[in-house]
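Let's walk through this model together, moving from strands to cores and then to a pair of loops. Keep the viewer open as you read.

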Amino acid sequence: MTASSSSSPTRSDSPDVELRSDHGDGSLFSRVEAHEVQVHLSTDLPEVFQLPDHPFVVPSNFSRLELSRLVNQLLQQQNEEEWSGYQPFDFLVDAQWFLRTSLQKYMDDRGMTAEVPLNLHYQLAVRHLDADTLPPTRDWISSLTSIPSEGDLHWRVTVNTYLELRFHAMLMETSYDGRCRLYRVSRSSSSSPSSSHARPMLEVAMHQGPLTAGAAFAAGAFLPPHCMQLIVGSKGGALSVLNTWSESAPCSRKEEESKCSGGPEVSSIGSWHAELQCVGCQDSSVLCVGLSTDGVTIASGGADGTVLLWENFETLTEAANRAEERAKEEEAVVELNAQGKPKRKRGPQRHGDSNTQQLDPKLRLSSNHTEAVTDVAFAPPPFRCVLFSGSLDGTISAWDTLVGGDPLSTWTTPRAITSLTCSPTNGRVVCTAHEDGRIRLWDVRSGDSEVSSLIEPMKSSSTSKSVTTPDTNTRLDLRFAFGFPHRRLATQVRWSPRGAKGDAVSEHLISSVGQDGALRILDVRAPSTPLLVLDISNGKEKKPVRLLTCTWCDTGRIAAGGSDGVTRIHTIGARWTG
């Protein structure tokens with residue numbers, strides 16, 4: 001029997017659960033009894049998960065667990081032959097908040113009465129689906145950077161041949177062992193979950209001491225799909241820019257020349273190669289590195305509290321020109337092979353670091369930070385010229401990267417900031433991690449604007465009163481601190497990248513790691529409780545790993561690393577069984 005078969009109460013298999021339905025004739029409101037609430041259930045899931053589109057009446061003491069059981073019961077009655085078994089659901093109330101209390105408490109907290117119907121949008125609950133590990137390093141993992149893909153990319157490598165690169169995701173890993181590694185992290189298969197992670201596709205020994213920060217760029221109008229730019233910061237203050245590329249055939253000449261000249265030692269799998277383009281120097285250890293969305297500006301934060309901006313336009317242009325030269329050389333090789341002549345035609349000789357240039361700061365920002373700058377983040381378009389920096393002195397500064405000089409505004413937070421990140425859809429929303437283990441969400445607002453609802457800042461609006469460019473009158477409003485903080489210092493926080501068009505989930509997800517060994521998945525629509533908590537421990541000693549860094553490989557995979565030198569890639573998502 002389906003839920004829509006009668007307007008009279010329909011009793012489930014559980015004796016204490018009663019559900020009543022109505023066909024929308026308006027009589028339901030008068031029949032809502034005490035301790036009951038009217039709800040409207042909807043979903044975007046496939047047809048097998050959909051219920052009739054009309055109101056229901058449920059007990060007001062129902063919480064997420066009881067509602068999930070009830071939806072499962074109704075779906076099983078409706079599709080008994082096709083139903084694959086119990087599925088955990090999450091419920092988004094009125095398109096704003098995930099239900100983490102009873103319905104009655106939710107209404108009481110908001111001054112609502114039982115006569116007001118609630119819209120419950122149910123979706124499959126987020127779960128930990130899979131985990132994979134990269135080869136261990138000899139020291140701590142200091143930073144992880146995901147290089148996003150634009151889908152399946154194709155580029156021409158010869159006159160008559162095309163090489164396909166399925167750029168699911170590339171992951172850049174830096175370590176205190178002084179090495180930078182590049183991995184291709186395609187989604188694992190059930191038959192061989194770690195086959196694609198057996199070795200790094202590229203490994204560079206920088207000879208600059210412990211590496212502390214990294215960033216990467218692999219899209220835009222400058223670089224072709226088979227080229228990437230890696231930016232690496234070190235404890236000694238060096239900021240290095242590496243040009244990496246892939247060819248159709250392995251070539252070790254540049255690596256051999258680099259070893260002979262004392263430059264970075266490069267080892268690669270297949271056709272990936274790297275050369276050192278330029279090196280800059282900061283007055284203190286480089287603790288964080290950021291890259292603008294168009295790739296033309298690099299920002300770095302130092303242990304002495306300074307923030308530097310570096311011009312990257314000429315470097316990208318030069319990398320693109322070199323890529324074009326290599327493509328022409330490859331075409332010449334094919335022509336020679338077709339004519340039966342020598343198989344390899346070398347271009348102009350380059351000797352290791354002989355072409356390495358000095359990178360000078362474009363702007364030295366007049367920082368108000370009195371302690372180390374722990375993180376920097378560029379705001380997304382249309383605010384991409386705004387840079388946020390966070391410091392151990394507990395302050396956040398906003399900068400105009402085109403003008404430099406004094407900060408547009410500086411705000412004080414309750415505790416030392418260890419990391420910060422911007423919403424990928426709105427530069428007015430900033431999330432910070434703190435030494436007390438708390439993750440806090442902030443809204444940058446103009447001095448005369450009213451504080452909007454939580455979901456409002458996630459949406460761009462031309463009519464919004466929110467600030468478009470921070471200034472001295474701009475304030476930083478604390479939206480909330482997420483519940484269940486890390487038990488020790490929270491080391492890094494990262495917003496999920498913007499998903500595919502129509503993906504309304506990823507823009508609300510945030511990951512955080514801490515020295516308590518926990519990786520947490522947070523949702524701004526459910527700040528009281530994490531969606532998911534993964535406790536990561538050492539395989540031998542079973543002690544919590546002191547996690548330092550995390551990054552989203554895509555909207556469903558998160559990489560995290562720390563004290564044990566192992567990067568773990570966790571797959572999360574909502575997946576039904578059967």
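Two strands count as paired if DSSP finds at least two bridges between them. Helices (H or I, at least four residues) and strands (E, at least two) are DSSP runs, numbered from the N terminus. This is a predicted model, in which local features need pLDDT of at least 70 and side-chain atom pairs count only at pLDDT 80 or more, while totals for chains, interfaces and linings use all residues. Residues are numbered from 1 along each chain as its sequence is written, and side-chain values use heavy atoms, with hydrogens and water left out.

With that in hand, look at strand β35 (residues 518–523), which is joined to β36 by 4 bridges in an antiparallel arrangement. Here A518 sits opposite D535 of β36. In a regular strand the side chains alternate between the two faces of the sheet. Buried means under 20% relative accessible area, exposed over 50%, and partly exposed in between (1.4 Å probe, protein chains only).

Next comes an open sheet of 4 strands in the order β8-β39-β38-β37, with antiparallel pairing. Its edges are β8 (127–133) and β37 (547–554); each has a single partner strand, so one side of each is left without a neighbour in the sheet. β37 is held to β38 (residues 557–562) by 6 bridges, and D554 stands opposite R557 in β38.

Now for the interior. A nonpolar core is a set of buried Ala, Val, Leu, Ile, Met, Phe, Trp, Tyr and Cys residues joined through side-chain atoms within 4.5 Å. The largest one has 27 residues, and those with the most contacts inside it are V39, L41, F89, F91, L103 and L118. Two or more residues each come from β3 (36–42), β4 (56–59), α2 (64–78), β5 (89–93), α3 (103–109) and β7 (118–124). The biggest contribution, 5 residues, is from α2. A second, separate core of 20 residues includes I231, C278, A323 and L359.

Finally, visit two loops. Most residues other than glycine have a negative phi, and most peptide bonds are trans. H207, however, has a positive phi near 55°; it lies in the loop between β14 (202–205) and β15 (211–217) and counts as exposed at 53% relative accessibility. F484 also has a positive phi, of about 55°, in the loop between β32 (475–481) and β33 (490–495). With a relative accessible area of 54%, F484 is exposed.
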